[in-house]
Amino acid sequence: MAALFPTCLGDLVAPDMVEHAQIALVRCGVDVQPVRGATCCGQAAFNAGFHAQARRVARVALRARP
């Protein structure tokens, strides 16, 4: 089983790529489970220097489960 965590960038910038990744994994025989509660991981905020805000967002993402 593989958990597919699309991230906000995947959803916003390349949503087709997330779907295609799932299709490719399934075709390779992988049982793909979407991650419930998947949200932004905070990377964009972290890269922009908003470290405290990124930590808060990352904590929510870390609680997401398939």
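Here are some friendly notes on the structure above, one topic at a time.

1. **What you are looking at.** This is a predicted model, so local features need pLDDT of at least 70 and side-chain atom pairs count only at pLDDT 80 or more, while totals for chains, interfaces and linings use all residues. Residues are numbered from 1 along each chain as its sequence is written, and side-chain values use heavy atoms, with hydrogens and water left out.

2. **Overall layout.** The protein has four helices and two strands; helices (H or I, at least four residues) and strands (E, at least two) are DSSP runs numbered from the N terminus. Along the principal axes, the C-alpha atoms fill a box of roughly 40 × 25 × 15 Å.

3. **Surface and contacts.** The accessible surface is about 4,800 Å², and 60% of that belongs to carbon and sulfur atoms. Such areas come from the Shrake-Rupley method with a 1.4 Å probe, and for residues only the protein chains shown count as cover. Of the 66 residues, 14% are buried, where buried means under 20% relative accessible area, exposed means over 50%, and partly exposed lies in between (1.4 Å probe, protein chains only). Take the contacts (heavy atoms within 4.5 Å) between residues at least 6 apart in sequence: 62% of them join residues at least 24 apart.

4. **A nonpolar patch.** Which residues form a nonpolar patch on the surface? They are Leu 9, Leu 12 and Val 13, with about 350 Å² of accessible area together. Patch members have over 30% relative accessible area and no salt bridge; like charges are joined within 9 Å, and nonpolar side chains (Val, Leu, Ile, Met, Phe, Trp, Tyr) within 5 Å. A salt bridge, in turn, is a side-chain nitrogen of Lys or Arg within 4 Å of a carboxyl oxygen of Asp or Glu. Leu 12 sits in helix α1 (residues 7-13) and is exposed, because its relative accessible area is 70%. Leu 9 is also in helix α1, but counts as partly exposed because its relative accessibility is 44%.

5. **Helix α2 and what follows.** Helix α2 (residues 15-27) has 13 residues, so at 1.5 Å a residue it should span 18 Å, which agrees with the 19 Å between its end C-alpha atoms. The expected span is 1.5 Å times one less than the number of residues. After α2 comes Gly 29, with a positive phi near 90°.

6. **The cysteines.** How many disulfides does a search of the whole structure find? It finds zero, a disulfide being a pair of cysteine sulfur atoms within 2.5 Å. Cys 40 is in no disulfide, and its nearest cysteine sulfur, that of Cys 8, is 3.3 Å away. Cys 40 is partly exposed because its relative accessible area is 22%, whereas Cys 28 is exposed, at 67%.

7. **Val 57.** This residue belongs to helix α4 (residues 51-62). Leaving aside residues up to four places away in sequence, Val 57 touches Cys 40, Cys 41 and Gly 42. Val 57 is partly exposed, with a relative accessible area of 31%. Its C-alpha atom is 15 Å from that of Phe 5, which is 52 residues away along the chain.
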